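Hi,

Here is the structure I promised to pass on. Please open it alongside this note; my findings follow below.

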Amino acid sequence: TRDFFGDDDRAYGVAIQPDGKIVVVGYATQIGYSDFAIVRYTDTGQLDTTFNSGGATPGQVITDFNGRDDYAAAVAIQPTGEIVVAGTADNATSGYDVAVARYTSAGILDTSFDSDGKVTYDSVSNLEDHGYALSILPSGKILVAGDWSNSTSGEDFGVLRLQTNGALDGTFGTSGVAAADVSGSNGIDWANAMAVQSDGMIV
């Protein structure tokens, strides 16, 4: 087990690096708010203190987006070793946005990714979007699936694709984003998992 600040902590996603190290993501709560929480273990299950070795608590990273609640749901390792984490961030005004953060293999926010290592996506202003699943393509591009709000107060299956620098990939869907309305415009549709076929099709 791993306790961060003596409050509510949860793990939702795990990835195994090529060297066998284990990256676990979720959220940690402190002072009433939750933030992205990332922990790395060695292949023998020990806390890996080479991860964020210069931080206050080596072996773990806490990332805040807007000073409100943030939840990490999925993690994947890019072919070049960077650690990509996807989830949800409270935009501090109203509603939630899809949130993606990228870290170097040393556990530091990667500033080559949207200049600060963090990206958010808001489909409709003041409504809610969530990221639940993550895949890395062989090219290094990033797919995030979840649910997007639509203009009629429903929620749809959603997938977005980011370029390796964190920008939306305009060659995918409509300006980098795709949505599927399964149950009607006012229905609630959530995509919780995603897989990419060998032919590149996304399920």
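**Arg-161 and its partners**

The side chain of Arg-161 makes a polar contact with the side chain of Asp-169, at 2.7 Å. A polar contact is a pair of N or O atoms within 3.5 Å; within protein, one must be able to donate a hydrogen and the other to accept it, and residues adjacent in sequence count only if both atoms are side-chain atoms.

Before going on: this is a predicted model, where local features need pLDDT of at least 70, side-chain atom pairs count only at pLDDT 80 or more, and totals for chains, interfaces and linings use all residues. Residues are numbered from 1 along each chain as its sequence is written, and side-chain values use heavy atoms, with hydrogens and water left out.

The Arg-161 side chain also makes a polar contact with the side chain of Thr-171, at 3.1 Å. Arg-161 sits in strand S11, residues 155-162. (Strands are DSSP runs of E, at least two residues, numbered from the N terminus.)

Is Arg-161 buried or exposed? Arg-161 is buried, because its relative accessible area is 16%. Buried means under 20%, exposed over 50%, partly exposed in between (1.4 Å probe, protein chains only).

**The open sheet**

Elsewhere, 4 strands form an open sheet, ordered S5-S6-S7-S8, with antiparallel pairing. Strands S5 (70-77) and S8 (118-121) are the edges; each pairs on one side only. Two strands pair if DSSP finds at least two bridges between them.

S5 pairs with S6 (residues 83-90) in the antiparallel sense, over 7 bridges. Val-75 stands opposite Val-85 in S6.

Best wishes
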